[in-house]
Amino acid sequence: MSCYVIAEIGVNHAGSVALAKKMIDAAKASGADAVKFQTFTAEKLVSAGTPKVEYQESTTASDESHYAMIKALEFSYTDHIPVFEYCNQLGIDFISTPYDIESAEFLVSIGVTIFKTASADIVDLSLHEYIAKNAELAIVSTGMATLGEIERVVKIYQQADCKLSLLHCVSNYPCAIQSLNLNVISTLKNAFYCDVGYSDHAVGFLPAVIATTLGATIVEKHFTLDKSMAGPDHKASSDPEEFKELVEAIRTTEVALGSPIKTVQTEEMQMRKISRKSLFSRCFIKQDEKLTADMFVLKRPGTGLYEKELDTILGATATKDISEGEMLRIGDYKLG
């Protein structure tokens, strides 16, 4: 199964349907399997006085409050509909992250079947309970979470018999390489016996490639048309060229990983025949002479008998004269 690659548009559309459609076009052209948005209302998400986190302070106006920042990035329910329909027309999956039950109910009403929850909402158990009962696939990010918190949420989806994928994530934009702890992908797989992916907030595509080698079935990366655009997330997002490189690197990695079954590859066959060694006579051997180990030496090419046959051959008699330096073949000897 190929890794499912999500272009996280998030709030980078800045509330514009036209810009959202351009981003969907670019994501599709870059090889994304899905685009992801965020569904919320500022009034229900942010209380008065909520501060900005550090990366938001560095990427937005200093006199703009957290609430005002979120309000400006809202996508109205009405705006979701043409964007959802546009994704269907293009053949790219539409995913959204609802931040409250009402937003999740709206997404269900327009036909959304794949939901992703934000890392911060690992503690919103009521939201998870609703999604577990209504989604075909729930993708749960686990940034900032303990294993105990993840276990509590996993049980909700198991009890509802909802298909679940966990995403390993480090919740900073961008996050430091030394904080990635990509081995947690294996920890989550072994602990919860479900598909595990990776929500990538690091710079470059190498961490996503490593995640793929560790068995990540989903990779998500923030996506923008231009890193210099106004908004909190553009700077830490991949532009279309970078995202295309990411997808190509993942697909190349999948090809390189291949199958766990050890087989001789077609392109190895010539090397196998030429570079392996076969049994050659070290000296002239007369017909009817008994064969002994000191009569043979191993030399290239490998198109004759291998050394493993020597135990069978010893004690046999030559059926013909064998010249010095001649490759030994079946029929050159007969067993006692």
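1. Strands β2 and β3 run parallel and are joined by six bridges. Two strands count as paired if DSSP finds at least two bridges between them. Ala34 has Asp93 of β3 as its bridge partner. Helices (H or I, at least four residues) and strands (E, at least two) are DSSP runs, numbered from the N terminus.

2. A word on the basis. The model is predicted: local features need pLDDT of at least 70, side-chain atom pairs count only at pLDDT 80 or more, and totals for chains, interfaces and linings use all residues. Residues are numbered from 1 along each chain as its sequence is written, and side-chain values use heavy atoms, with hydrogens and water left out.

3. Strand β3 is largely enclosed by the rest of the structure, because five of its six residues are buried. Buried means under 20% relative accessible area, exposed over 50%, partly exposed in between (1.4 Å probe, protein chains only).

4. Aromatic pairs come next. The whole structure holds six of them. Rings of Phe, Tyr and Trp (its six-membered ring) pair if their centres lie within 6.5 Å; planes under 30 degrees apart count as stacked, over 60 as edge-to-face and the rest as tilted. Phe37 and Phe94 are stacked, at 5.4 Å centre to centre with 20° between the planes. This pair links distant parts of the chain: Phe37 lies in β2 (residues 34-39) and Phe94 in β3 (residues 93-98), 57 residues apart. Phe37 is buried at 0% relative accessible area. Phe94 is buried as well, at 5%.

5. Phe94 also pairs with Phe84. Here the geometry is edge-to-face, 5.4 Å centre to centre and 85° between the planes. Phe84 sits in helix α5 (residues 77-90), ten residues from Phe94 in β3. Phe84 is buried, with a relative accessible area of 12%. Which residues do ring pairs link into a cluster? They are Phe37, Phe75, Phe84 and Phe94.

6. The charged end of Lys21 sits over the ring of Tyr86, 5.4 Å from its centre. The criterion is NZ of Lys or CZ of Arg within 6 Å of the ring centre and within 35 degrees of the ring normal.

7. Now helix α10 (residues 206-213). Its buried residues are Pro207, Ala208, Val209, Ala211 and Thr212. Their cover includes α9 (184-192), β7 (195-200), β8 (218-222) and α11 (240-257); contact means heavy atoms within 4.5 Å. Just after α10, Gly215 has a positive phi of about 100°.
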